[in-house]
Amino acid sequence: MRFYIMDQTGHSTVEFKKDDVDTAMKKFMELTQTEKKIAAVRTGEGQLRKTSAFDPSADEMVFFSPMRGG
Amino acid sequence: MPHDGRNLDCDGDILAAMDRMWNAWNGRQATVNARGLDLLLKFLSPVQTREFKETNSFIVVGSHSKRCYRIHHAQYYNVENCEDGICYCFLPSDAGICIPDVMLAQKIMLESDEHAAMLVANARPPLRQPKTPPSAPANAD
């Protein structure tokens with residue numbers, strides 16, 4: 001499982017081994033609950049779905065800060 | 001007094017130092033944009049990728065309204081409603097996020113939670129007339 005976290009460097013990547021679901025879930029919680037980031041899971045080629053729940057079967061997830069008007 | 005103890009009393013030194021700072025900043029920005037672009041291209045559909053390479057923009061379909069929006073590679077008001085030409089501006093709240101990252105976040109929001117995006121978006125009237133279907137000539141007399 002791979003997390004892409006948008007930041008000022010373009011993005012940071014955090015990778016987890018397949019059997020390390022607990023660590024991935026902990027990081028997911030940290031990003032979404034502590035840092036209040038929005039999570040999206042890849043659901044197909046060119047397709048992502050916003051989610052608030054951790055999906056242990058996900059291959060790739062993208063995280064970014066909440067949206068604001070510009 | 002310069003903070004690094006060097007005496008930059010010559011215009012040439014100051015300009016050279018500013019030039020080095022500018023080049024360093026530019027180099028860093030280029031790297032950031034390249035990384036952002038990698039991420040964006042990883043998550044675009046084949047059609048969106050082709051469109052982006054040709055026009056620097058791509059179309060997404062809103063999850064609720066099923067309206068088409070064109071996301072342009074631009075800093076502000078870069079999301080354009082394809083029907084009425086109204087432009088929207090919304091972006092992640094972090095400062096300093098590069099444009100490709102902003103475009104990807106906008107794609108995700110519009111394709112999976114359009115209402116939430118439109119709730120925070122600021123809107124601007126179209127700069128040009130939206131394309132209308134061809135009609136009969138006005139002076140057909």
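This is a predicted model: local features need pLDDT of at least 70, side-chain atom pairs count only at pLDDT 80 or more; totals for chains, interfaces and linings use all residues.

Visitor: How do you know which residues of chain B are in contact with chain A?

Guide: Contact means heavy atoms within 4.5 Å. By that test, 36 residues of chain B touch 27 residues of chain A.

Visitor: What makes up the area buried between chain B and chain A?

Guide: Buried area is the accessible area (1.4 Å probe) that two parts lose on being put together, summed over both. Here that comes to about 2,700 Å², with carbon and sulfur atoms giving 60%. On the chain B side, B:Arg35, B:Phe43 and B:Ile108 lose the most, together 23% of what that side buries.

Visitor: Why is the meeting of A:Lys37 and B:Asp94 called a salt bridge?

Guide: The term asks for a side-chain nitrogen of Lys or Arg within 4 Å of a carboxyl oxygen of Asp or Glu. A:Lys37 and B:Asp94 have N to O at 3.9 Å, so the pair qualifies. The count between chain B and chain A is two salt bridges.

Visitor: Which parts of chain B supply the side that touches chain A?

Guide: Helices (H or I, at least four residues) and strands (E, at least two) are DSSP runs, numbered from the N terminus. Helix H1 (11-43), helix H2 (46-55), strand S4 (87-92), helix H3 (99-112) and helix H4 (114-120) of chain B each supply at least two residues. H3(B) gives the most, with nine residues.

Visitor: How do you know that strand S6 of chain A pairs with S4(B)?

Guide: Two strands pair if DSSP finds at least two bridges between them. Strand S6 (residues 67-69) of chain A and S4(B) have three bridges and run antiparallel, so they pass. Across that pairing, A:Met67 stands opposite B:Pro92.

Visitor: What makes S2 and S4 of chain A edge strands?

Guide: In chain A, five strands form an open sheet in the order S2-S1-S5-S3-S4, with mixed pairing. Strand S2 (12-15) and strand S4 (47-51) each have a single partner strand, so one side of each is left without a neighbour in the sheet. Neighbouring strands are turned by 25 degrees against each other on average, direction ignored. For such angles, axes are lines fitted to C-alpha atoms, for helices over the stretch in contact, and angles run from 0 to 180 degrees between N-to-C directions.

Visitor: What joins strand S1 of chain A to S2(A)?

Guide: Strand S1 (residues 2-5) and S2(A) pair in the antiparallel sense over four bridges. A:Arg2 stands opposite A:Glu15, and A:Ile5 has A:Ser12 as its bridge partner. Their hairpin has six residues between the strands, and A:Gly10 there takes a positive phi near 105 degrees.

Visitor: And which strands does S3(A) join by antiparallel bridges?

Guide: S3(A) pairs with S5(A) over four bridges, including A:Val41 with A:Met61. Five bridges join S3(A) to S4(A), and A:Ala39 has A:Thr51 as its partner there.

Notes. Residues are numbered from 1 along each chain as its sequence is written. Chains are lettered from A and ligands numbered from 1 in the order in which they are written. Side-chain values use heavy atoms; hydrogens and water are left out.
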